[in-house]
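This report describes selected features of one protein chain, with the sequence and the model shown below.

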Amino acid sequence: MLDKDGKAVREFDGPGAAGVNRTNWDLRWNPPAEPTPEQQEAIAAGFGFGPRGPLVEPGEYTIKLKAGDKEATQKVTVEEDNRITISAADRAARYEAIDKLYSMAKTTDKDRRTIEGIQTAVKNAREQWKKDAGKPNTPKIPDEIVKAADELQKKVDAVAEKFIRERQGLGNAGPPFEWKADPLPNQVQNLLNDLDGFAAAPGGQEKEKLAELTPLVNDASAAVKNISAVELPALNKKMNDAGIPHIVPAPQPRGERGGEVESER
């Protein structure tokens, strides 16, 4: 689906059997994020839908169908529910806030997967070094590199905490859990859902929350970029110079964890 400016709004695969097929568009944008493992479990159990894109604004859209080398397009008009009354100014304010949050949701999801991949890869490398310590035919990891990896792990863990929350065990023993704010992707998606659920301009609390989230997301994203573009490459250079396979974070599809140590320099 394309909007009036030709921008892709929603893309998905429909049935491809011979004959006439039917598929449904829920009038929403593409989901801005992949479901986390916890969300996947909830979806499988029938609770919730995971991250969803906001409903599109009323207006003209183009549906483009493609099957093999055949392609067809058709214009459609999305109309507002006639029970809803909202001024042009309020609609513009609502759309502006939703658009900002939609972009933030995509950013936080990308950063979450990036930092999670780095976190797991560095952790796996350090654990492997400990297992291989003292074994014959395995290179000794210089103390300087071990220390640098330990320091990087601390930095990565601190940034990752802004994006993911480790599950805590259940039970009534021990002191109460320490309260922590929800990870940024959750906060952004929750506010996006709130605004998407009402046909009105953002209220005072919603404006305050958006103003609060904007610098938090920007700072956290900058921290992820610094680790992935500066800190990790610096450690990898030290490892390469010492003849040690460097660390390559594995992609993080659909919230899964992964990471590996590159076998070739």
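## Aromatic pairs

Two aromatic pairs turn up when the whole structure is searched. In one of them, the ring centres of Trp25 and Tyr61 are 5.9 Å apart and the planes stand at 70°, so this pair is edge-to-face. The two residues come from distant parts of the chain, 36 residues apart. Trp25 belongs to the segment before helix 1 (37-44), whereas Tyr61 is in strand 1 (residues 59-67). Trp25 and Tyr61 are both buried. The model is a predicted one, and every value in this report is computed from it.

Helix 2 has 45 residues, which at 1.5 Å a residue should span 66 Å. Its end C-alpha atoms are 66 Å apart, in agreement with that expectation.

The axes of helix 2 (residues 88-132) and helix 3 (residues 143-160) come within 10 Å of each other and cross at roughly 150°. The crossing of helix 2 past helix 3 is left-handed. On the side of helix 2, the contact is made by Ile115, Ile118, Gln119, Val122, Lys123, Arg126 and Trp129. Helix 3 contributes Ile145, Val146, Ala149, Asp150, Leu152, Gln153, Val156, Asp157, Val159 and Ala160. Sorted by class, this contact has eleven nonpolar, two polar and four charged residues.

Lys100 is also a residue of helix 2. Its relative accessible area is 42%, so Lys100 is partly exposed, falling between the cut-offs of 20% and 50%. Lys100 and Ala250 are 150 residues apart along the chain, and their C-alpha atoms are separated by 29 Å.

## Positive phi angles

Just after helix 2, Gly134 has a positive phi of about 85°. Most residues other than glycine have a negative phi. Asn137 is in the loop between helix 2 and helix 3. What separates the two in accessibility? Leu27 is partly exposed, with a relative accessible area of 34%, whereas Asn137 is exposed, at 83%.

## Helix 4

Helix 4 (residues 184-196) is made of 13 residues. From its first C-alpha to its last, helix 4 reaches 18 Å, close to the 18 Å expected at 1.5 Å a residue. The buried residues in this helix are Leu184, Pro185, Gln187, Val188, Gln189, Leu191, Leu192, Leu195 and Asp196. The cover over them includes helix 2 and helix 5 (204-241).

Gln189 of helix 4 can be taken as one case. Its relative accessible area is 9%, so Gln189 is under the 20% cut-off and counts as buried. Not counting residues up to four places away in sequence, Gln189 touches Pro32, Pro51, Arg52 and Ala105.

Val248 is in strand 3 (residues 247-248). Its relative accessibility is 24%, and Val248 therefore counts as partly exposed. Val248 and Leu184 are 64 residues apart in sequence, and the distance between their C-alpha atoms is 25 Å.

Pro249 lies in the loop between strand 3 and strand 4 (260-261). Pro249 too is partly exposed, with a relative accessible area of 28%. With neighbours within four places in sequence left aside, Pro249 is in contact with Gly117, Ile118, Ala121 and Leu232. One of these, Ile118, also takes part in the contact of helix 2 with helix 3. Pro249 and Leu232 are 17 residues apart along the chain, with 9.8 Å between their C-alpha atoms.

The C-alpha separations given above are collected here.

| Residue pair | Apart in sequence | C-alpha to C-alpha |
|---|---|---|
| Val248 and Leu184 | 64 residues | 25 Å |
| Lys100 and Ala250 | 150 residues | 29 Å |
| Pro249 and Leu232 | 17 residues | 9.8 Å |

How values were computed: Residues numbered from 1 in each chain as written. Predicted model: local features only at pLDDT ≥ 70, side-chain atom pairs only at ≥ 80, totals over all residues. Heavy atoms only, no water. Axes fitted to C-alpha atoms, helices over the stretch in contact; angles between N-to-C directions. Helix = DSSP H or I, 4+ residues; strand = E, 2+ residues; numbered from the N terminus. Left-handed = near helix turned anticlockwise from the far one by under 90°. Contact = heavy atoms within 4.5 Å. Nonpolar A, V, L, I, M, F, W, Y, C, P; charged D, E, K, R; others polar. Expected span 1.5 Å × (residues − 1). Buried < 20%, exposed > 50% of the residue type's maximum accessible area, 1.4 Å probe, protein only. Phe/Tyr/Trp six-rings, centres within 6.5 Å; stacked < 30°, edge-to-face > 60°.
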